[in-house]
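Please open the structure in your viewer and keep the selection tool at hand.

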Amino acid sequence: MDFTLRAANVDDCKDIARMIMELSEYEKLAHKMKITQKDLEQDGFCKNPFFHGIIAEVPEHLKSKEGHTKIGYAIYFYSWSSSSGRAIYMEDLYVMPEFRGKGIGKALMSKVAQLGLAAGCTQLNFTVLDWNKPSLEFYFHQGCYDFTAESGYHLMRCEGEALEKLAQPPQSYSTCGHSLSCTISAIKNVDYFILGS
């Protein structure tokens, strides 16, 4: 199939938001979706973006039944591991159902891998739902493996009120209204302890 891949830009956010919703409906998570087009615009296309995107696009004559030419996307960001260094994390990989089985998903994932290697990353990480057998088979076919099963690590999360509570400083010290570095200023004779503001 004739398609192209390119870096996402702010004008793609409407279509990315649409496809994120399609993906969430497939994953039975639509009721948890909070991300909007505005969030994508603010978080992905600011001075220090929280994520990057890749768009899969087809020519006008191959557009979807609904008239879309942007028919797939990948979202990724860079991370770091204290055991292996630089890594790239693929948050989403999605291709509209009528365009699947044509190599588009593989091309998107391959591009994320290329970008990771170019940045010096040694691993590509992502999650997949345990019931999503087609996706699991696809990833296994690409040479990926189930890190959770082999390592014993569990993905942990803190959110909502628990996150707000966690962010509260212990009563034993104060952040003096600026940054954590000022709480260290009273520590004497510890010249190896440096915490930037």
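The stops that follow concern salt bridges, then aromatic rings, then the surface. Please bear in mind throughout that this is a predicted model.

**First stop: the salt bridges of helix α1**

A search of the whole structure finds seven salt bridges. Select D15 and R18, whose side chains meet in one of them, at 3.0 Å from N to O. Both residues belong to helix α1, where they stand three residues apart, about one turn of the helix. D15 and R18 are both buried.

The corresponding value for D15 is 16%, so D15 counts as buried.

Which residues are linked in a network of salt bridges? Select R6, D12, D15, R18, E22, E57 and K70 to display the network.

**Second stop: D12**

D12 is placed in the loop between β1 (4–7) and α1 (13–26). Is D12 buried or exposed? Its relative accessibility is 1%, so D12 counts as buried. Apart from neighbours within four places in sequence, D12 is in contact with R6, A7, I55 and K70.

Select T69, in the loop between β2 (52–57) and β3 (70–81). T69 counts as buried because its relative accessibility is 17%. Residues up to four places away in sequence being left out, T69 touches A56, E57, V58, P59, E60 and K63.

Two of these contacts, E60 and K63, deserve a selection of their own. K63 forms a salt bridge with E60, with the closest N and O atoms 3.2 Å apart. K63 is partly exposed, at a relative accessible area of 41%, whereas E60 is exposed, at 51%.

The structure holds nine aromatic pairs. Select Y73 and Y94, one of these pairs: the arrangement is tilted, with 6.1 Å from centre to centre and 50 degrees between the planes. Y73 lies in strand β3 and Y94 in strand β4 (residues 85–95), so the pair links distant parts of the chain, 21 residues apart. Both Y73 and Y94 are buried.

Next, select F126 and Y139. Their ring centres are 4.4 Å apart and their planes stand at 45 degrees, so this pair is tilted. F126 is in the loop between β5 (124–125) and α4 (133–141), and Y139 is in helix α4, 13 residues apart. Y139 counts as buried, at 11% relative accessibility.

Select K28 and W131. K28 lies over the face of W131, 4.2 Å from the ring centre. K28 is found in the loop between α1 and α2 (37–44), and at 60% relative accessibility it counts as exposed. Its phi is near 60 degrees, a positive value in a residue other than glycine. For another example, select R100 and Y26: R100 lies over the face of Y26, at 5.7 Å from the ring centre.

**Last stop: a nonpolar surface patch**

Finally, select Y145, F147 and Y153, which make a nonpolar surface patch of about 400 Å². Y145 is placed in the loop between α4 and α5 (147–151), and Y145 is exposed, with a relative accessible area of 52%.

Terms used:
Residues numbered from 1 in each chain as written. Predicted model: local features only at pLDDT ≥ 70, side-chain atom pairs only at ≥ 80, totals over all residues. Heavy atoms only, no water. Helix = DSSP H or I, 4+ residues; strand = E, 2+ residues; numbered from the N terminus. Buried < 20%, exposed > 50% of the residue type's maximum accessible area, 1.4 Å probe, protein only. Contact = heavy atoms within 4.5 Å. Phe/Tyr/Trp six-rings, centres within 6.5 Å; stacked < 30°, edge-to-face > 60°. Lys NZ or Arg CZ within 6 Å of the ring centre and 35° of its normal. Patch = residues over 30% accessible without salt bridge, like charges linked within 9 Å, V, L, I, M, F, W, Y side chains within 5 Å. Areas by Shrake-Rupley, 256 points an atom, 1.4 Å probe, with all protein chains shown as cover. Salt bridge = Lys/Arg side-chain N within 4 Å of Asp/Glu carboxyl O.
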